[in-house]
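Open the model in a viewer and keep the selection panel at hand. The stops below say what to select next and what is there.

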Amino acid sequence: MSERGQVFTLDMFFALTLTALVVSYSGLALEQARRQSEEYALRYSLERVANDAADALAKTLGRPPNWEENVERLETPGLTEENVGAVQNTLSVGKFGQLMRLLNRDNWEAPANSEAVKAVKEFFGWTEKFKIAVFDENGVRLWDIWPRWDLVPSGVENSFEVAVVRRSIVMRYGVFRAESGRIVRYAGQPKQSTHTVYFDIYPGELDALDWYIIVRTGSGDERVESAKIFVNRAPNGDYDYHFRKVDAPEQIYPNPELPAPKFKHGGIENDARIPAQYQLHEGTNFLSVVVHSGPGGWVQIFVVAIPACTTWDRAGLALYKNPATLEVKLWR
């Protein structure tokens, strides 16, 4: 009888042990399933926020629609150009430049921008772990920005999980702000003529953008001799920039490859050769242009701006719309 009791006790022991193992493994399986479910939910949330952000940037003006004129009022980012509403998938470099400016460390941490910073964080799911990049049609990175981009790395390389979303867009590589039209010397007119080109600079744009002048003439037009350009002053004394047809039918000024100081960022506003009283400023600015030309010769003057710190040769692409790619990265 005692032997049967021992066998029963052993059977119960093995049964209980097996039950405990089953329960234990079941608990582990349930825990693993729970974790996988949480990971999937987090991944889905990350991808959804990245997709929604990319769509909003590429297809909307943001709120308010003209937020780039006063970044402190930003409620929702949007990067499209405006033409009686948003021009979907057409990026405004002016808006991108202002967002770029907001994300540098000084502005990102400035108390005056706290509401705009809060709006950007909310837009990306209440996080600073995001990056926005723009690539040209050949896949070359033009710009990439993230909070404090000017001083610290983004941290995406060391992240646990990354969602990457891309959208095909078109864009000018700069802001097209003014154009003279063709300045033509007709038969019977004086060889020298003076013209004025006005352009406006809005609040914050001197920090967000670098400003350039593009001068061009016909490639086969040998009748144009030169165009002398004076910034924010009448044409007297030494000129600021000198276009000569002999150099090329199109020139960008300032151009660090011509005899000139090496600029940290480039642009007229960073050109130390221009006296302080004539430097670019917010509001209305102007160029005085003195053209020397034979009969029928013409030149054309453009004022453009590109995001600060962009290489000067990109300014020439501000005159055209080009294919590009907008990329949004979000990570945790």
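For sorting residues by type, Ala, Val, Leu, Ile, Met, Phe, Trp, Tyr, Cys and Pro count as nonpolar, Asp, Glu, Lys and Arg as charged, and the others, Gly among them, as polar. The model is predicted, so local features need pLDDT of at least 70 and side-chain atom pairs count only at pLDDT 80 or more, while totals for chains, interfaces and linings use all residues. Residues are numbered from 1 along each chain as its sequence is written, and side-chain values use heavy atoms, with hydrogens and water left out.

**Stop 1: the largest pocket**

Select E68, S92, G94, V175 and R177; of the 18 lining residues of the largest pocket, these lie nearest its centre. A pocket here is an open set of points on a 1 Å grid over the protein atoms alone, where a 1.4 Å probe fits, with protein on both sides within 12 Å along at least five of seven lines; lining residues have an atom within 4 Å of a point. Strand 1 (80-82), helix 2 (93-103) and strand 6 (175-184) are the elements that give two or more residues to this lining. Helices (H or I, at least four residues) and strands (E, at least two) are DSSP runs, numbered from the N terminus. By type, the lining holds 6 nonpolar, 4 polar and 8 charged residues. The space in the pocket comes to about 370 Å³, a volume being the space filled by probe spheres set on grid points that are joined across faces, edges and corners.

**Stop 2**

Now colour the strands in the order 1-2-5-14-3-4, which make up an open sheet with mixed pairing. Two strands pair if DSSP finds at least two bridges between them. Which strands stand at the edges? They are strand 1 and strand 4 (141-145); each has a single partner strand, so one side of each is left without a neighbour in the sheet. From one strand to the next, the twist averages 35 degrees. Angles run from 0 to 180 degrees between N-to-C directions, and axes are lines fitted to C-alpha atoms, for helices over the stretch in contact.

Strand 3 (residues 130-136) runs antiparallel to strand 4, and 4 bridges join them. Pick A133 to find its bridge partner in strand 4, D144. Then show helix 2, which packs on this sheet and touches strand 1, strand 2 (86-91), strand 3, strand 4 and strand 5 (162-171). Contact means heavy atoms within 4.5 Å. The direction of helix 2 makes about 45 degrees with that of strand 4.

**Stop 3**

Select the strands in the order 7-12-9-10, an open sheet with antiparallel pairing. Strand 7 (192-201) and strand 10 are its edge strands, each pairing on one side only. Neighbouring strands are turned by 20 degrees against each other on average, direction ignored. Strand 9 and strand 10 share 4 bridges, and S226 stands opposite R244 in strand 10.

**Stop 4: backbone details in loops**

Go to P64, in the loop between helix 1 (2-59) and strand 1. A cis peptide bond joins R63 to P64, with omega about -10 degrees. The bond from Y253 to P254 is cis, with omega near -5 degrees; P254 lies in the loop between strand 11 (250-253) and strand 12 (283-293).

Next, is V84 buried or exposed? V84 is exposed, at 85% relative accessible area; exposed means over 50%, buried under 20% and partly exposed in between (1.4 Å probe, protein chains only). V84 is not a glycine, yet its phi is positive, about 55 degrees. V84 sits in the loop between strand 1 and strand 2.

End at N232, in the loop between strand 9 (224-231) and strand 10 (241-244). Phi of N232 is near 55 degrees, a positive value in a residue other than glycine. N232 counts as buried, at 10% relative accessibility.
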